[in-house]
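Thanks for coming. I have one model to go through today, and I will keep to what can be read from it.

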Amino acid sequence: MTGTYATANTVVALFLAAWTLISAAANRPRGVALLASGLVLEVLLLGFAIGGLVQMAGSDRDLARAEFVMYLVGALAIPPAAFVWAWGERSRAGTAVIALAFLITPVMILRVQQVWAGSVG
Amino acid sequence: MADPGSGAPHAPAATGRGFGRLLVAVYGLFALAATSRSVVQLATRFDEAPLAYLLSAFAAIVYIVATVSLARGSVTSRRLATVAISIELAGVLIVGAASVLFPDAFPRATVWTGFGSGYLLVPLVLPFVGLWWLRHTR
């Protein structure tokens, strides 16, 4: 859960967040590139969630399983929800909504890792 | 900020458009965070800190109402949003102050503990922004 794959997801999400924030600040119109990048992140997150669930199923140690699954599902649900909510808004605020979703993703991954490490009470 | 879509001068501007889109997204995020937090807390370890966990659930409901009513933006839901955000403001101030003055009463954190310090103090700023936005779009 703390491996290279999680770090890769975090790096990609942060990079996309920075790029999307710059687009919003520069008031650039949204395009297919943003949608495609969201799709890439979502596929990565899907891999993260499946990996997490498999690891959880294979572990018999004491773990806050409900929280663990919730954060995995949350991380997976936030970007699509942001795209649905943002797509009707053509101003920069719509782009900022997507940037927010990308920015939250590393936090969600971090929380998944914290629950996995057992430091969440 | 010329908006070709706002033709009717007397209709209230929609609270879910423009900057409101982002504001609703932030509210939605807190609705999600507070709801999932309180569901887990209430379901798995209510006995540990009933007050904190009930407050989490209360905060969750306030955030949900604020999110939905800001997103809808009709005349009625603007009123509802104003009430919900006022309660949110009172909640974060009272719970924030109480958690600093009487830390023993809050053995477990809520969204509003320490004025939302666990969430980069966003819970403290958010109701002010929400009320400003409601005035701004009136």
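This is a predicted model: local features need pLDDT of at least 70, side-chain atom pairs count only at pLDDT 80 or more; totals for chains, interfaces and linings use all residues.

Chain A has 4 helices and 0 strands. Read from the N terminus, its elements simply run α-α-α-α. The C-alpha trace of chain A spans about 50 × 25 × 20 Å along its principal axes. Of the 121 residues in chain A, 44% are buried. If we take the contacts in chain A with a separation of 6 or more, residues 24 or more positions apart account for 76% of them.

Part of the surface deserves a comment. A:Leu14, A:Leu21 and A:Leu103 make a nonpolar surface patch of about 250 Å². Take A:Leu21 from that group. This leucine sits in helix α1 of chain A, residues 4-25. A:Leu21 has a relative accessible area of 41%, so it counts as partly exposed. A patch residue needs over 30% relative accessible area, and the 41% of A:Leu21 is therefore enough on that point.

For a contrast in chain A, look at A:Val115. It is placed in helix α4 of chain A, residues 92-117. Is A:Val115 buried or exposed? Its relative accessibility is 2%, so A:Val115 counts as buried. As a distance for orientation, A:Val115 and A:Leu39 are 76 residues apart in sequence, and their C-alpha atoms are 26 Å apart in space.

Now to the salt bridges. How many are there over all chains? The count comes to 1. Its partners are the side chains of A:Glu89 and B:Arg21, with 3.8 Å from N to O. This pair crosses between chains. On one side is A:Glu89, in the loop between α3 (65-87) and α4 of chain A; on the other is B:Arg21, in helix α1 of chain B. As background, side chains of opposite charge can pair when their charged atoms come close. The cut-off here is 4 Å between the side-chain nitrogen and the carboxyl oxygen, so a pair at 3.8 Å is counted.

What about the burial of the two partners? A:Glu89 has a relative accessibility of 8% and so counts as buried. B:Arg21 is buried as well, with a relative accessible area of 11%. The limit for buried is under 20%, which is why both values qualify.

Next, the second largest pocket. Its volume is about 940 Å³. The lining of this pocket consists of 31 residues. Which of them lie nearest its centre? They are A:Tyr71, A:Val107, A:Arg111, B:Ala33 and B:Tyr119. In terms of elements, α3 and α4 of chain A and α1 of chain B each supply at least two lining residues. The most comes from α1 of chain B, with 10 residues.

Staying with that helix, α1 of chain B covers residues 19-45 and includes B:Ser38. B:Ser38 has a relative accessibility of 4%, so this serine counts as buried. Setting aside neighbours within four places in sequence, B:Ser38 is in contact with B:Tyr53, B:Ser56, B:Ala57 and B:Ala60.

Another residue of chain B to look at is B:Gly91, in helix α3. This glycine is buried, at a relative accessible area of 9%. Beyond its neighbours within four places in sequence, B:Gly91 is in contact with B:Gly96 and B:Trp112. B:Thr113 is 22 residues from B:Gly91 along the chain, and the C-alpha atoms of the two are separated by 9.9 Å.

Last, some backbone angles in chain B. B:Phe115 has a positive phi, near 60 degrees, and is a residue other than glycine. B:Phe115 lies in the loop between α3 (75-101) and α4 (122-136) of chain B. With a relative accessibility of 25%, B:Phe115 counts as partly exposed. B:Leu121 is not a glycine either, and its phi is positive at about 65 degrees. B:Leu121 lies in the loop between α3 and α4 of chain B. Its relative accessible area is 37%, so B:Leu121 is partly exposed.

That is what I have; I will take questions now.

Methods:
Residues are numbered from 1 along each chain as its sequence is written. Chains are lettered from A and ligands numbered from 1 in the order in which they are written. Side-chain values use heavy atoms; hydrogens and water are left out. Patches are made of residues with over 30% relative accessible area and no salt bridge: like charges are joined within 9 Å, nonpolar side chains (Val, Leu, Ile, Met, Phe, Trp, Tyr) within 5 Å. Accessible areas come from the Shrake-Rupley method with a 1.4 Å probe; for residues, only the protein chains shown count as cover. Buried means under 20% relative accessible area, exposed over 50%, partly exposed in between (1.4 Å probe, protein chains only). Contact means heavy atoms within 4.5 Å. On a 1 Å grid over the protein atoms alone, a cavity is a set of points where a 1.4 Å probe fits but cannot get out, and a pocket is an open set with protein on both sides within 12 Å along at least five of seven lines; lining residues have an atom within 4 Å of a point. Grid points are joined across faces, edges and corners, and a volume is the space filled by probe spheres set on the points.
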